[in-house]
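The sequence and the model are shown first.

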Amino acid sequence: MTAKKTWQTQTRMVHEGGARSPFGETAEALYLTSGFVYENAEQAEARFKEEEDGFMYSRFGNPTVRAFEERMMALEGAEDARATATGMAAVTACMMSQLEAGDHIVAARALFGSCRYVVETLMPRFGVACTLVDGRDLDAWKAALRPETKLLFLETPSNPVLEIIDIQAVADIAHNHGARLVVDNVFATPVLQKPLALGADITIYSATKHIDGQGRCLGGVVLGSADYIKNELANFIRQTGPSMAPFNAWVMLKALETLALRVEAHCDNAEKLTAMLLAHKNIERVYYPGDASHPQFDLAQKQMRRGSNLIAFDVKGGKQAAFKLANALDIALISNNLGDAKTLITHPSTTTHSKLADAAKAELSITPGTLRVSVGLEDSDDLLKDFEQGLAKLG
Ligand SMILES: Cc1ncc(COP(=O)(O)O)c(C=O)c1O
């Protein structure tokens, strides 16, 4: 609330954003209000004319939501931000606020299913064409560019098998073409990877994941330059309404105080589970960007501080074995969410990526035996024992 710009990031995560009310509360106040009153009609007029700063209606802005946005800006190193109701609202608002009929998007094909729907199905309905590329192949990005390409979009590490895309190199390709690069940074979190510092123009989060981190609230956030946020995104959100609810913003704001601590602990557990899976006879293949066995380990080391809490792996024995393992685990819960304090496991082929054709699944290395784990904050010995007993059941 009284954060100084010279303070280290963790100190700012505890204090940044908002202002104390006259009651002098320690924890940030929750302004659960849809509207705001004006002292007089002249003040209302001045606010609507944008001659005076101040809140008007929570669809446009709210003090608790703004406090969350300010804390996120400090974490990401962004000039401005807007929070949204969900991560998908952030993705859709980001696209719709800056594109128009006739424009073209180039996107990495390894995208979360709903993001793929937005670029592949929704945007073309409004006259915005899209080309999907293998995001690891820099020549493919260049070859897909058209004179009307305005936006490049990627997710790294990707969902579910944790492909790594070179953010700096793709940002250069975008900028040489006069286009912008948007990065969905959900898997890495702002603690492990900072897309804006690597050259991206806009970073997007599903705050539902590690930012909340305890599986309570949906939320999203878009971060970028003051110019883009103020002149393009803010008005889109104001007019169309994908705004974050103040209660959710309050939960997310408080969760940012512990995000860095939680992410480090998540990574500690994920590294131990990766080592155990790599050595197990019933595992065919493990994908973890923080381990030297990952095909893009060097690139991951260059742009990520640690490997994240997501691990994908193929069990021997296909779908039957994958289901058997998921069903046998006691601590790891079957859920398609991620970034939770609880360890969650999902079978991408039949859940998050079930809508993809078999050929598209194969392109993304999703096999019938692939499982994705979001490693939680449980005791690592318990977690390893749980996977050991589950894998033992596969014979
Ligand atoms: C990479 C990625 N982007 C975006 C989203 C969408 O977020 P939300 O569920 O908050 O809309 C998700 C997860 O659902 C995701 O995993």
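How many Å separate a nitrogen atom of the ligand from an N or O atom in the side chain of Asp184? In this predicted model, the distance is 2.7 Å.

## Ligand site

The ligand is surrounded by 14 residues. The closest are Gly87, Met88, Asp184, Ser206 and Thr208.

Two further side chains place polar atoms by oxygen atoms of the ligand. For Ser206, a polar side-chain atom lies 2.8 Å from a ligand oxygen. For Lys209, an N or O atom of the side chain is 2.9 Å from an oxygen atom of the ligand. The ligand taken alone exposes 380 Å², and the protein buries 91% of that area.

## Five-stranded sheet

Five strands form an open sheet with mixed pairing, in the order S8-S9-S12-S11-S10. Strand S8 (283–287) and strand S10 (333–334) are the edge strands. Each has a single partner strand, so one side of each is left without a neighbour in the sheet.

Within the sheet, strand S11 (residues 344–346) pairs with strand S12 (residues 370–374) in the antiparallel sense, over three bridges. Ile345 has Val373 of S12 as its bridge partner.

## Helix across the sheet

Helix H13 spans residues 318–328 and lies across strands S9 (310–315), S10, S11 and S12. The angle at which H13 runs to S9 is about 130 degrees.

Terms used. Residues are numbered from 1 along each chain as its sequence is written. This is a predicted model: local features need pLDDT of at least 70, side-chain atom pairs count only at pLDDT 80 or more; totals for chains, interfaces and linings use all residues. Side-chain values use heavy atoms; hydrogens and water are left out. Two strands pair if DSSP finds at least two bridges between them. Helices (H or I, at least four residues) and strands (E, at least two) are DSSP runs, numbered from the N terminus. Contact means heavy atoms within 4.5 Å. Axes are lines fitted to C-alpha atoms, for helices over the stretch in contact, and angles run from 0 to 180 degrees between N-to-C directions. A residue is near a molecule or strand if one of its heavy atoms lies within 4 Å of it. A polar contact is a pair of N or O atoms within 3.5 Å; within protein, one must be able to donate a hydrogen and the other to accept it, and residues adjacent in sequence count only if both atoms are side-chain atoms. Accessible areas come from the Shrake-Rupley method with a 1.4 Å probe; for residues, only the protein chains shown count as cover.
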